[in-house]
Amino acid sequence: MGKVGVALAAGCAAAACVVAAVMVGRSVRRRRGWRRVVRVLEELEEGCATTVGRLRQVVDAMAVEMHAGLASEGGSKLKMLLTYVHDLPTGNEKGIYYALDLGGTNFRVLRVKLGGQRCIIEHDVDLQPIPQHLMTSSSELFDFIATSLKDFVEREENISEPSQRERRELGFTFSFPVKQTSSSSGTLMKWTKGFSIEDAVGRDVSQCLQEALSRKGLDMQVTVLINDTVGTLALGHYHDEDTVAAVIIGTGTNACYLERADAIIKCQGLLTTSAGMVINMEWGNFWSSHLPRTPYDAELDADSPNPNDQGFEKMISGMYLGDIVRRVILRMSQESDVFGPVSSKLHEPFILRTPMVAAMHEDDSSNLNEVAQILKDTLEIPDVPLNVRKLVVKVCDVVTRRAARLAAAGIVGILKKIGRDGNSGMTGGKTKGGSRIKMRRTVVAVEGGLYANYTMFREYLNEAMRQILGEDVAPYVILNVTNDGSGIGAALLAASHSASTITENTNFIVI
Ligand code: BGC
């Protein structure tokens, strides 16, 4: 080999070394990047840990806060609101009733025909999205609702028989915290779930609607004003009399239950004639130091229109889960380049919605095609390798699992408060000595997209219920998915509270 050949060979070797060094450098960087995102995931898992021990602490805290909220006004972050619903539908209700359901992104009007003997002969529903500008500006909202209701009534009564009553009667489901002054009136305490119409806070929502109905010339009486949980309880109880509580896990989350009159200390004296009342817990605002809170929760809360408010809801409900996942992916993307350059979409609040989280979590294709599609279409992150897609699925899993398990702890908290968790009082499954006491069948009505439509969420919740209650007690606690309690339940309560039927249909709560 001549000098030229040696020089050439040396040059090639040097170039090969540079290429190799670049490649090694890249792969080291990639490995480091990967280690960093795995660390983010591990921190998330630690932060979201919901051991059975911790869930039991949440159960206890829920029961304690329930006591405190019932003892005095403002005694707890749990408002434990009176509903003045002392009696639930019996099944004997007859006639045509209307319902109006306002509380999420859509609002619905219903016409329900009840035939007695627990028979809902027919129900017609009209659904309309609420225009965005009405969710944040003045009380034009009520005029919009009244107009839609009037159009619906006219359409319906053209095609089917008109209501036989002197005045049409309406059950109004308004799914926000309301301080009730009777079963048909109450003032809005605050907005949740992204609504914020300042001039409506402190006003009687029933009266606002009634006035809007008169302005539109619609002769209709708001017979009951209820929370969606109360409608769900009414429908659940209509089908199964062992139903003692209702939980909603949808855009927002909340629960209500039947409480004994003597336990509602804050209104002693007011309830002398009835055995009990439905209490709207507004559990979305529950808080306890035992809740597993991560920096993502803190950031989400700080950026929300209602900081320090609805803490439990922000960890559990459909409005927020997608945004927690988005925040984790953003952090991963900032920590390393496994997602490529940081997509500007990752900075957009609420761009990743919970149904997308469910779709990614439940993607059972071998290549996780759905995950890739959502990352590309929604977050504008293309070409994500399979191992990174798996990471995204894991993030969805951690966030959803925590939510479902906390909701389960909340439900057991209610059961504990009313002595149906198998550990308290005479209804417990076992005594200290080990001898058995007969357990009572206990049904909780559940509604909302997370539980009804998101299989993994439902399975995690059910599993946590079994873990907390134990194998002896769990079979006595039944979670029943009801269908449209916030609509049909409102019509049922309008019927059972109607002046014309109240005597024949009274089913005072027996607890
Ligand atoms: C509201 C509750 C409602 C729940 C479910 C929460 O944001 O405060 O009143 O029951 O959402 O719709």
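Begin by selecting Gln310, which sits in the loop that links helix H7 (295–303) to helix H8 (311–316); keep in mind throughout that the model on screen is predicted.

With Gln310 still selected, is this residue buried or exposed? Gln310 counts as buried because its relative accessible area is 1%, under the 20% cut-off. Next, show the side chain of Lys190, whose polar contact with the side chain of Gln310 spans 3.0 Å.

Along H2, colour the buried residues, namely Leu55, Val58, Val59, Ala61, Met62, Ala63, Met66, Gly69 and Leu70. When reading such a pattern, recall that an α-helix has 3.6 residues a turn, so residues three or four places apart point the same way. To see what covers the buried residues of H2, display elements including strand E10 (253–260), strand E11 (276–280), H8, helix H12 (386–417) and helix H14 (455–469).

Finally, zoom out to the whole protein, where 15 helices and 13 strands are found and where 54% of the 511 residues count as buried. Among contacts between residues at least 6 apart in sequence, 71% join residues at least 24 apart. With a surface drawn, the protein exposes about 21,700 Å², of which carbon and sulfur atoms supply 52%.

Technical notes
Residues numbered from 1 in each chain as written. Predicted model: local features only at pLDDT ≥ 70, side-chain atom pairs only at ≥ 80, totals over all residues. Heavy atoms only, no water. Helix = DSSP H or I, 4+ residues; strand = E, 2+ residues; numbered from the N terminus. Buried < 20%, exposed > 50% of the residue type's maximum accessible area, 1.4 Å probe, protein only. Contact = heavy atoms within 4.5 Å. Areas by Shrake-Rupley, 256 points an atom, 1.4 Å probe, with all protein chains shown as cover. Polar contact = N/O pair within 3.5 Å; in protein donor to acceptor, adjacent residues only side chain to side chain.
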